[in-house]
Structure formats: structure tokens, C-alpha cells
Amino acid sequence: MQVTNELKTVQLDRKKRTGKQILKESVLPHLLLTLVGLLFLFPFAWLALTSVKTEDEIFRIPIVWWPTQFQWSNYSMAVTTIPFLRYTLNTLFICAVAICGQLISSPLVAYGLSRIQFKGRDVIFIVMMSTMILPYQVTMIPMYVLFNKLGMLDSYWPLTLPAFFGSAFYIFLLRQFFMNIPYELTESAKMDGASEFRIYWQMILPLARPAIFTVALFQFLGSWGDFLGPLLYLNTPDKWTLSIGLRSFIGEYDVSWGLLMAASTIFTLPIIVLYFFVQKTFIQGISMTGFK
Amino acid sequence: MKLKALHLMLTLVFAVSVVLAGCSGGTGGSQGNSGTQTSGNTNSSSNSNTSTNTNTPAPEKPKEKVKITFWHVWSDKDSGPINERVAAFNEMQDEIIVEALGNQDATKQLTAISGGNPPDIALTYWNNIGPWADAGAVLSLEEFIARDNYDLAQYVPAALERMVVNGEHYALPLSMSMASTLMYNKKAFADAGITAPPETLEQMFEYAKQLTKRDGSNITQIGFIPDYPWIDNVFWPVIFGGSWVDENGKLTANQPANVASIAYQRKFYEEFGDDQIAKFRSGMGQRGTPQDPLLTGQLAMMIGWEYNFAEERADDGPIGIAPFPYPEANPELKGGGMVSPRAVFIPAKAKNADAAWEFMKYLLGVDSQVEFAIASKTIPSVLPALDDERLTKNEAMKTMWDFYERAKSENLQGFPNSTYINEYLQALSEETEKALKGTISAQEAMDNVVKKIQPLADEANK
Amino acid sequence: MAHSKLNTNMAGIRKRERKALLTGLLFTSPWILGFLIFQAYPILMSMYYSLTEYNLFSPPEWVGLKNYAKLFVDEKFYLSLYNTIFIVVFGLIPHLIFALTMALLLNTNVKGQALYRTIYFLPTLVPAVAGSLLWMWLLNAQYGVINQILGYLGLYQPNWLVDADWTKPAIVLMGFWGTGTTTVMYLAALQDVPKVYYEAASIDGANLWRKFWHITMPAISPVTLFLLIMGLIDGFQYFTQGFIFAEASQSIGGPENSLLFYAIYLYQVAFSFLNMGHASAMAWMLFVFVLALTLLIFKTSAKWVYYGGEK
């Protein structure tokens, strides 16, 4: 009680800030953030601007910053040249299934590797880490043979099924977050007789929300932008994904720059929108104190 | 709870996608090669040596259609012409249905063939045939050729040669890309007072000097850059009459003609300055856009392929074309150049080799070659097509006429096939790069190549 | 008396251990299953291939350790390793520092956070193909924006993609553009740091730097460990962008092979030279090297990583 009162008084005192503090706490961060933000935004802005330029202006020297003519038809052509909707739906499907699979399995495994002490845990962990080190180029063909034997070629299975068994990358990430959660919390629950699974489901998962969302987001990005997987395992154009669709704008001898940039912009838009909304849950990250 | 919300959202997206995707049959665990694998149908195909498919009447019961898969490297952007051929073939006969699939690059083709799921027929670049055939991935066509008395003399020799490995034909050239032309900016020539394109390489060097303008020490216009747009380690030795391997399997990359071809290129760098060329080059416009340096005149001359400036090289256009110059001392090398064909082949374990062969014969038939050449603006690899009126009297193909003519030249060559072709090409690129930079002499560079690659050649010839 | 008590204690412990083992295995079973089904076979095959001469189509020929021996006399093996280590060293550490800085700035109550976060994350959303081509354009020596800015500031303008000395720095520069994901992860970690710690430190009179060094850094060290290890593992396998650059400029290793990264050379050996045996040996060499590095880092991690959950 006394501590909280003291804290409150400390906070009250801090409400009045000096000019110097305002500079340090508001203006400087803002400045840096804006500067870096502009640097980051620039290439993307270039991408978006190029997507509405005419062929003539894209590579004009001296550089044309703002298009004099807006060729919006780049967009209409981009979505009609390839079966855009079809590819988008296909890609979304793969993303959705993969995310589901990942969210079901990876946290489970991560919990086992972080919150349960058992013999052989470290061995499993090291083997798991090791699987990420071998370059995929040498396991690509045996893996293809495997999926061939399983009869899964020309389908979405190779792109989604493995996700249901967890991925070392996400398991590692989640393990780090899980290990950060104080044991006192779970110990008391265990002593009350709660099973590991209950602790996992009702205590750990909610506390690691930011990490879980990160996993979902990254899996989405991974599946959304995956090119090699769909190329290898999909032999019917109807099943293709957006990343393959983008290749349609790259010819043997020349690139349809305007169309490619337009398609790329459309490619990233839904993710931007998704991210913009989902990131609020990152913000509302739970602070570790004062729960109960 | 937000987690539940996320789950709900995902499940919704999932559900919607499943429904929509399922509606048009896009998902599923369908197995490898779709299609009816009926055994032993097509073919009692004719013994005639024409390349068009003849329909033999069905014996007692109706034949079942065979579906074959055809994988090619083109993306949607370039695949119009080949799709037309596939459609035409499917329409004109009842026994075989070809399903074409684009975007199938070398990685995918290799993986699928090695992984046990090969297409029935595929298209790739010429330099893959050597290693792939040698490794056992490709079906030799000799049996088919013998059985059908197939006429190989109709092919442009240089194109067909690229398909031969250890004396056997493993593929056929669908079309040719060819570099044997000099392209130049007419205005730049006029301004420099040059009335006719150079005929010999020595002349070209002199003209290049005249066509190069400077502003202080910086170049503002350059006559010619020998490794623009890339180092071509096949083109130049061919122009000089060089070769890469002799009948005994000994590498000849360091023989005088080859070395001379590199020394000649180096001359340009010595004349105009390494740094100056590098600097100017980085400021040149982007190739293949309205700011292309040959169009704007930044570059006066360049090595021309049949797909460069298809429209601009018309008679009244800004770009001129001429046969690429030859060495003064070797007028017999006139008309030289390199060919880079696309190869159609049948993977060794293809399920429907016979049907694939029928389709291949169609693709290489005169009619198909002509139609494909018109649609894709490439050069047919079959000699009769080069003389076909649908091409030579077709106004729409006017800017290709010179190329059709030049494709008949006996001095067209290519790089020899072998299992080590890619290592050889890579070594040539690396050493040529050093020689062009002047770090080592042309002779040293080529000696290095031979030193590096001869062991591989010896291995291969054991 | 004590004897039987000890026995029952030990029995109890063993029972608990067994229970923990079962539960642990249950929880990790998805991954174990997945490993056995999907990964064991390919990994074992690649190990086998490294001991053979295999051209992908004809049956592999056993050659024992010959591939490994050949590696040591392959100059491109060393070159590609050097190029890759360069990228890892000069790319990873600055990348982490930069991302952490951005995350720290974003963690304050600055207005418009959502917007900033989206902007920083944007680049990672651009497909690799478009992004790489875009950067090739930006890095153009004459009229690319980067050099225009450098020229404006009166600095040297390198011939980024042509000069062998500047090609790798160009890649590093491009890498900064993709720090969004790292920033996001650091941000998530920062959000989880108990605010009480900072408040208590303020009461004690700690300044910003001390708060950072003694609270923030240890608190996010689990994530730092993750980023470091993953950065290492991913860095040594650097492929995609280098490959796109190579395809676009028609030369696999770039100017003077300055962009010949380990995985790219591996790919060339496997798929272009059809020497899967040699390529697999390369892969396993890398494996040993990176595994050793990883284990080393894990070992030292006991000294600088603090898990909030540690008893």
C-alpha cells in the first residue's frame, strides 16, 4: 500500500516537465523517428510512384519524381493480366491454414521446452536448432521425393501440413518469451493441482500474447511471399499463388516495370492494412506487474 | 479476448477461402500427373518423315486420349506464342492432349525430374542439355529418329549441334536466338560522317574512336563497348574463328584465335580508359526502355540479337543493322555469330514418351515453326521455314527478314556440349573479366581457364 | 528408519521425473513427429550424398570423404565463406543495434506510433523480387537516389553494383531497409518489461542510460539471444537477394565474385554443375561451423541472458 502511494506521488511530481525534458522525451524521439521513417518510406514511395508512371518516365534521366501523367491503367492491367483474385484467394488459404497449424503446435512445443524440466529436453532443443542450420538447397530434392511418395505433389499439403508440427524458428522465439515469465506464477498454480496443460492454456498463452501475434504475423508473411514452395509443389496454374503471379511481369528480355510495381503494391496492401490493425494488440502488451 | 478474436478471424478467412477456392476446384490433394495413363495408345504413328502428325484410324475400339504435360520456362508475359502452338496441336488431332505449364525454371525442372515426377516434355536453354543428358536425365531421341526416318538435315546446323551429346541427339531446337548483327545509331553515324557500317573488326575499332565524344576527360558518347550488356564468352571467339575443344578432348580456349578475341575487346578499354568507360557506363540509360543507350545515342554500336529494337530497326527507323564485322585477315569468317537455341527434350523417365515425341515433331514442323516465329518474333531453327513465304513475304515480319537470311550462314557457331559446360562457361567469364580489366593478359586468362577446366574434361572423357 | 524415508523420497522423485518426462515429451511431440516424418529423411539423405558423387539423376557413387578433401583446395569455397562472413559480421550487429534503437524510440509514448510502426515494417512486406530490382535502381551509380544524396552532401559516390569493393556494402545497406521484423520483435520484448522496475529505478535516482543498461538490456536479453542466433543461422545461408541481383546482371557471383555467397555457390555447384555430392559436403561443413558457433553463444549466454522465469 505504502509503495503504491509513494509511486503515485512520484508520478504526480513527474507530470510537470521542464522544457528540457519535453525536448528529450518528445521532440528528439519524434525527430529521429520521422527522419528514419522518411528513409524507410522512400523506397516504398518510389515503388508506389513508379507503379503509376508511364514507361517513358520510369527510367527517365534526370529522375522524374512526381509523374506528369498518371497511368492508373497499370493497376487495372496488373489485375487483369493474371488471375489476381484467384491467386490472392489461393495465397490467403495457404496463409490461413499455415497460421492455424503454427499457432496450434509451436506454442505447445515451446512450452514443453521451456516450462517443463525433463530429461532430454536440451537434446531435443539442440537437435531442433540444428535443423535450421542446414541450407535448404541440399534437402530440397529429398524432401520433394518424400512428398512425391506421400502423394502430395500438386497440392497445398506440402505448404501447409508441416506447419501443424511446429517450426523450429517460432518454437525458439516462443521459448525465449516463455522463459521470461516468472516461475512463481505457475508454481503456485501447480501446487493448487493445475495440470501443465491448464497452466499452458490459461496462464502462459495469455501472457505471451505479443509473441504469439508475432508468430502469426511472420507465418503470414512467410506464406504470403513464398515463391519456391509454390513453384515446386504446384503444377496446376489454377492453384498458383501471388508470388508466382508476380513473375508474369518479368519477361525473358524485358520487365514490365509499371505493371510489376503496380502488382507489387497491391501485393503488399492487404498486409499493410492487416498489420495496421493487428499491431494494436502489440501495444496493449500486458505489463507483468499488478495482475491478479 | 483478443486471442479468441484472432482465432475467429483466421477461421473465418480460412472458411471463406476454402469455400471460394473449392468452388473452382483449386485445392485438393490431387496426385502428381493428372490424367489418364492408358498404356500403349498413340502410335502407330506414321513412318513418313513429315513432321505433321498424321491421324491413323483407330483399329477396333476407340483410342483413349493421352494427356501429356509440357513444361516451359516462359512466364505469362512471353508464353502467348507457345500456348498458341499447344492449342493448335490439341485441336488438330484427337489422340493427344497437351497441358502446358509455364514458369518452370531449371530449378523446378531438375527437382521434379530428379524427384521422380518429370513432365513428359520440357523446354529449357541450350546449355542445360549437355550436363542433363550426360547425367542421365534426358531421353535420347535416336530411337525415335531412326524409327520415323526423321529428317535432321532440315535444321540449321549450329542449332542442331547444340542438341548433340556423345554423338546422340537428346533434344531438338525449338527456336533460335542469334547474335550475328551489328546494330548502330544512324544519327550518330551521320554526325560522325560515317556513310556505311564497318565491315571488318579493324574498321569497327576505328569507327568507334571516331564515334566517341568527350567533355574534358569524361566520355559523353561512346562508340562501342565490347562487353555490353554482358561479357559474352561465346560470341567473341566465334567471330574470330576460335573454338573450345578439339577432337581429342583437349581444351583449346587458349589458342590464338580465342586469345585474339579477348585482346581485341581489351583494346577498347585501353583506348577509352577503364575508369572512364565504367563511369560512363553506369550513367547509361536502362536497356530495353525508351532511355536505351543505343536509342538515345549514348552508345553508337552494339552486338545485336534478333529481339533488339524490333521496330526501331525498320528501314526508316533510327537504328541500322548490318552483318557483324569479321577479322580483316579472315574474310572466310564473314557472317559469323553465335546461336542460342531453346531446346525441347523428353525426360528419361517420362511416362508418355511416344506422345511427347509426336508433339515434338509437330512443334518442329514447318507450319508450327512459321506460326511460332510470327507470334514470338524469334528465328525458326528449321531451314525450310527460313524460306517460307509466310515469313519472307510477310510485311509484318519485315524487320526479321535480314535475320532469316543470316540464320543460313555457315559461320554460325555455338559452344560445345559437355558435362562440364557450365563450369567451363563460368571459368571463361571469370578470367575474361580479369583480362578486360587488364589485371592479367588475355593469354594468361585463357591459360588459367584451360588449367582449371582441363582436369574436368579429362574426367569426362575417361 | 531414515533408510526407508530416503527410499520413499527417491521413489517420489523418480515418479515425478517420469511424469515430467512424459508430459514434456507429450508437449514436444508435435515437433518430434514432424521431424521424424518430414525432416529426418532429407537430412540423412543429404549426409549420405555428401559422401558420394551424385549428379541428381544417376545413382550416387560412393567416394567417402573425397568431397570434403576437395573443399579445402577449392578457392571458391574460401571466397564464398569470406563473402558470407563479411555479410554476417557487418550486417548483423549494426542491424541489431539499429533495430533496438528504433524499438526504444517507438516504445515511448510518442504520438502516431501505429503509423511509424507500419512504416518501418513496410519494407519487409515488399516481395523480394520487386524489392531487389528496386534497390538495383536506387543504387545506380549515376542517377540512383543514394548517390544523388551523397553527391549533394559532397561525399564519394561509389559505383555500388559494379565496383567489387562496394557490392557487399550495397547489400548491407539494403539490409537496413529490412530491419522492420527485428524492430517488431524488440518492441514486443520491450512491452513485456515490467514498468515497476523503471519506476523503482527512478526512485533510486537512476538516469536514462543506467536504466537502459541495467534494466532494459537484461530484460530483453532473451530476445537478443534469439535474434543473434537466428541472425547467424540465417546470415550464413544468405541467398535470395544475392540470387536476384545475379540473375538481373547475368553473372552468378557478381563483379569479381564479390557477391558469391556460400549458399549461392552451393546452389551453383548443385544445380548448375550437377555436383550434389560436393554441394552436400559444403552444406555439412557449414553445419558444423555454424553449430559450433551457436553452441558457443549458448554457452556464453548464461553470463548475459536473464530469464524472468529463472528460479
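1. Helix α6 of chain C (residues 145–152) is followed by G154(C), whose phi is positive, near 75 degrees. Helices here are DSSP runs of H or I with at least four residues, strands are runs of E with at least two, and both are numbered from the N terminus. The buried residues of α6(C) are V145(C), N147(C) and L150(C); buried means under 20% relative accessible area, exposed over 50%, and partly exposed in between, with a 1.4 Å probe and protein chains only.

2. On conventions: this is a predicted model, in which local features need pLDDT of at least 70 and side-chain atom pairs count only at pLDDT 80 or more, while totals for chains, interfaces and linings use all residues. Residues are numbered from 1 along each chain as its sequence is written, chains are lettered from A and ligands numbered from 1 in the order in which they are written, and side-chain values use heavy atoms, with hydrogens and water left out.

3. Helix α7 of chain A also ends ahead of a glycine with positive phi: G151(A), near 70 degrees. Seven of the ten residues of α7(A) are buried, so the helix is mostly covered. The buried set is M140(A), I141(A), P142(A), Y144(A), V145(A), L146(A) and F147(A).

4. Some backbone angles deserve a check. Most residues other than glycine have a negative phi, and most peptide bonds are trans. D154(A) is not a glycine, yet its phi is positive at about 55 degrees. D154(A) sits in the loop between α7 (140–149) and α8 (157–160) of chain A and is buried, with a relative accessible area of 5%. N257(C), likewise a residue other than glycine, has a positive phi near 55 degrees. N257(C) belongs to the loop between α11 (240–249) and α12 (262–272) of chain C and counts as buried at 8% relative accessibility. In chain B, the peptide bond from Y228(B) to P229(B) is cis, with omega near -5 degrees. P229(B) is in the loop between β8 (218–224) and α9 (235–239).

5. The interface of chain C and chain A involves 99 residues of chain C in contact with 106 residues of chain A, contact meaning heavy atoms within 4.5 Å. The buried area is about 9300 Å², with carbon and sulfur atoms giving 79%; this is the accessible area (1.4 Å probe) that the two parts lose on being put together, summed over both. F27(C), W31(C) and F38(C) supply 9% of the area that chain C buries against chain A, more than any other three residues.

6. Helix α1 of chain C (residues 2–49) gives the most to the side of chain C that touches chain A, with 23 residues. That side divides into 76 nonpolar, 16 polar and seven charged residues. In this scheme Ala, Val, Leu, Ile, Met, Phe, Trp, Tyr, Cys and Pro are nonpolar, Asp, Glu, Lys and Arg are charged, and the others, Gly among them, are polar.

7. In chain A, R60(A) pairs with D56(A), the closest N and O atoms being 2.8 Å apart. R60(A) is partly exposed at 31% relative accessibility, as is D56(A) at 33%.

8. In chain B, D148(B) forms a salt bridge with R147(B), with the closest N and O atoms 2.9 Å apart. D148(B) is buried at 0% relative accessible area, whereas R147(B) is partly exposed at 35%. Salt bridges link R147(B), D148(B), D354(B), E358(B) and K361(B) in a network. E206(B) and K209(B) form another salt bridge, at 3.6 Å between the closest N and O atoms; being three residues apart in helix α8 (residues 201–211), they are separated by about one helical turn.

9. C95(A) is buried, with a relative accessible area of 1%. The sulfur of C100(A) has its closest cysteine sulfur in C95(A), 11 Å away, which is too far for a bond.

10. T167(C) lies in helix α7 of chain C (residues 167–177) and counts as buried at 0% relative accessibility. Leaving aside residues up to four places away in sequence, T167(C) touches W160(C), L161(C), V162(C), P255(C), S258(C) and L259(C).

Key. A disulfide is a pair of cysteine sulfur atoms within 2.5 Å. A salt bridge is a side-chain nitrogen of Lys or Arg within 4 Å of a carboxyl oxygen of Asp or Glu.
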